[in-house]
Amino acid sequence: KHSAKFSPQKMIEMIGAKNFVKFTVSNSIDYLRNCKKSYDLIFLDGSHLSNIVYQEIPLALNLLNNGGIILLHDYYVNNSPIWGDGFISSGPYQAVERFMEEGQSFHVEPIGELPWETKLGSKKTSLAFLSK
């Protein structure tokens, strides 16, 4: 769909990680509410609507092991674009800001750059770590 040479499942198999990764298709809120497992890493990259991300974050935090982290996609600090195309997805940032205004205590750390090229010839990323 996005012109990748291999599907995510095939890539997981190619790196020898198929025993460590399970793909699940589900509504994120339903999955997080009903999940009986705990995780070291949860990647939130479904809906980018602030009201959905606002519901996902506390549910995901409850599923984290001690020292675990949530990886947020499309977290644009101050709702500011990081690439020259001007694109932003404001939902993840707005959800986190709402929690901060409500006095929630967790830490968000934008990654900023990755060691490989990402978009428009840069190494910038909209990924951010969120932890308790």
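Predicted model: local features only at pLDDT ≥ 70, side-chain atom pairs only at ≥ 80, totals over all residues.
Let me start with the loop that runs between strand 2, residues 64–72, and helix 4, residues 91–101, because Asp74 is found there, where helices are DSSP runs of H or I with at least four residues, strands are DSSP runs of E with at least two, and both are numbered from the N terminus. Residues are numbered from 1 along each chain as its sequence is written, and side-chain values use heavy atoms, with hydrogens and water left out.

Back to the loop. Asp74 has a positive phi of about 60°, although it is not a glycine. Most residues other than glycine have a negative phi. Asn78, placed in the loop between strand 2 and helix 4, also is not a glycine and has a positive phi, of about 55°.

Are these two residues buried or exposed? Asp74 is buried, with a relative accessible area of 10%, whereas Asn78 is exposed, at 54%; buried here means under 20% relative accessible area, exposed means over 50%, and partly exposed is in between, with a 1.4 Å probe and protein chains only. Ser90 and Leu49 are 41 residues apart along the chain, and their C-alpha atoms are separated by 7.7 Å.

Next, please look at strand 2 itself, where Ile69 has its place.

Helix 3 comes next, covering residues 50–62, and its 13 residues reach 19 Å from the first C-alpha to the last, close to the 18 Å expected at 1.5 Å a residue, the expected span being 1.5 Å times one less than the number of residues. The buried residues of helix 3 are Val53, Tyr54, Glu56, Ile57, Leu59, Ala60 and Leu61, and they pack against helix 2 (28–34), strand 1 (39–44), strand 2, helix 4 and strand 4 (128–131).

Let me finish with the whole chain, which has 4 helices and 4 strands, following the pattern α-α-β-α-β-α-β-β along the sequence. For 132 residues, a compact globule would have a radius of gyration near 14 Å, and the chain has 16 Å, which agrees; the radius is taken over C-alpha atoms, and the globule rule is 2.2 Å times the number of residues to the power 0.38. The C-alpha atoms fill a box of roughly 45 × 40 × 25 Å along the principal axes. Buried residues make up 32% of the 132 residues, and, of the contacts with a separation of 6 or more, 57% come from residues 24 or more positions apart.

Key
Contact = heavy atoms within 4.5 Å.
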